[in-house]
Amino acid sequence: MDLGIAWLCLLFFAVAAVYSAAGFGGGSSYLAILSFALDDFLGVRTLALLCNLVVVGGSVPLFWKHGFLPPRRAIPLVAASIPAAFIAAQLRLADETFLTILGMTLVAAAIVMFLQRRDSVAAGDRQSKMIDASIGGGVGFLAGLVGIGGGIFLSPLLHLTRWDAAKRIAAVAAFFILVNSFAGLAGLMVSQQFEIAQTKWLWVLPAVFIGGQIGVRFCLNSVAVRRIRLLTAVIVLIAGLRILVVVM
């Protein structure tokens, strides 16, 4: 392993630890980092989704084990998101278009996270399955288009609507990211856009798994998730603005 990959693994480990503590996979920051490290944006989308899959693949079983994942309530969200993410992932974008959408997406995600002033402490009025499906489909399409799992958008929306308690929302966001990362990768494969430039980049996968396992345990043990989320929002905002500056 060369020094550059070692530093990238360390950075991805830190990203995974921070994001997973708020129920996320870290896809937005992986994309931002990789967009500067790799020239091929197909490789960027592929590797970011794989990292997402590894992180939340380790988080979801733990949320389930501790009773925080409500499967019946999550079904309308994920059922609509899967085909949307699958279809959107197949769209072919020019590099500049992709980076512009990515930068704007990250900035928008950060703003939504900043607007979320506090965590939900109890479930509010149960919104209809149709509304959940609409939210899931819209976020899933955006996730597939950009190459993330979509939890970074879903979680603030669910908090704003008082969908459920904070840890349940984190669990649902992780599950949402899991299924949409699968759908996104499937879309890339079907459209022949699945690409790993060099196998050396796969060293980041064990790094994000370890970081994700550390972060999700912070979430389960009642560490201040709101502070972690605000830190995540700052990181996402900086990454988004930096990408937009480069594109412009």
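Apart from neighbours within four places in sequence, Ala207 is in contact (heavy atoms within 4.5 Å) with Cys9 and Phe13. Ala207 belongs to helix 9, where helices (H or I, at least four residues) and strands (E, at least two) are DSSP runs numbered from the N terminus. With a relative accessibility of 11%, Ala207 counts as buried; buried means under 20% relative accessible area, exposed over 50%, and partly exposed in between, with a 1.4 Å probe and protein chains only. Between the C-alpha atoms of Ala207 and Ile135 there are 32 Å, although these residues are 72 apart along the chain.

The model is a predicted one, in which local features need pLDDT of at least 70 and side-chain atom pairs count only at pLDDT 80 or more, while totals for chains, interfaces and linings use all residues. Residues are numbered from 1 along each chain as its sequence is written, and side-chain values use heavy atoms, with hydrogens and water left out.

Turning to the chain as a whole, the protein chain holds 10 helices and zero strands. Read from the N terminus, its elements follow the order α-α-α-α-α-α-α-α-α-α. For 248 residues, a compact globule would have a radius of gyration near 18 Å, and the 16 Å of the protein chain agrees with this. That radius is taken over C-alpha atoms, and the globule rule is 2.2 Å times the number of residues to the power 0.38. Along the principal axes, the C-alpha atoms fill a box of roughly 50 × 35 × 30 Å.

Of the 248 residues in the protein chain, 54% are buried. Among contacts between residues at least 6 apart in sequence, 86% join residues at least 24 apart. The accessible surface, from the Shrake-Rupley method with a 1.4 Å probe, comes to about 10800 Å², and carbon and sulfur atoms account for 69% of this surface. There are 18 positive and 10 negative side chains, and the centres of the two sets lie 15 Å apart. Here Lys and Arg count as positive and Asp and Glu as negative, with His and the chain ends not counted; each charge is placed at NZ of Lys, CZ of Arg, CG of Asp or CD of Glu.

Beyond its neighbours within four places in sequence, Ser59 is in contact with Ser20, Gly212, Gln213 and Val216.

Thr46 also sits in helix 3. Thr46 is buried because its relative accessibility is 0%. The side chain of Thr46 reaches the backbone nitrogen of Glu195 at 3.0 Å. Neighbours within four places aside, the contacts of Thr46 are Leu185, Leu188, Gln193, Phe194, Glu195 and Ile196.

The loop between helix 8 (166–190) and helix 9 (204–220) contains Gln192, and Ser191 is placed in the loop between these helices too. Ser191, at 10% relative accessibility, counts as buried, whereas Gln192 is exposed at 70%. A polar atom of the Ser191 side chain lies 2.8 Å from the backbone oxygen of Gly187. Ser191 is in contact with Ala89, Gln90 and Arg92, leaving aside neighbours within four places in sequence. Gln192 has a phi near 60 degrees, a positive value in a residue other than glycine. Most residues other than glycine have a negative phi.

Ala6, in helix 1 (residues 3–20), falls in the partly exposed class because its relative accessibility is 33%. Ala6 and Trp203 are 197 residues apart in sequence, yet 8.3 Å apart in space, C-alpha to C-alpha. Leu157, in helix 7 (residues 151–160), is partly exposed at 33% relative accessibility. Leu157 touches Ile135 and Val139, not counting residues up to four places away in sequence. The C-alpha atoms of Leu157 and Met113 are 8.8 Å apart, and the two residues are 44 apart in sequence.

How values were computed:
Polar contact = N/O pair within 3.5 Å; in protein donor to acceptor, adjacent residues only side chain to side chain.
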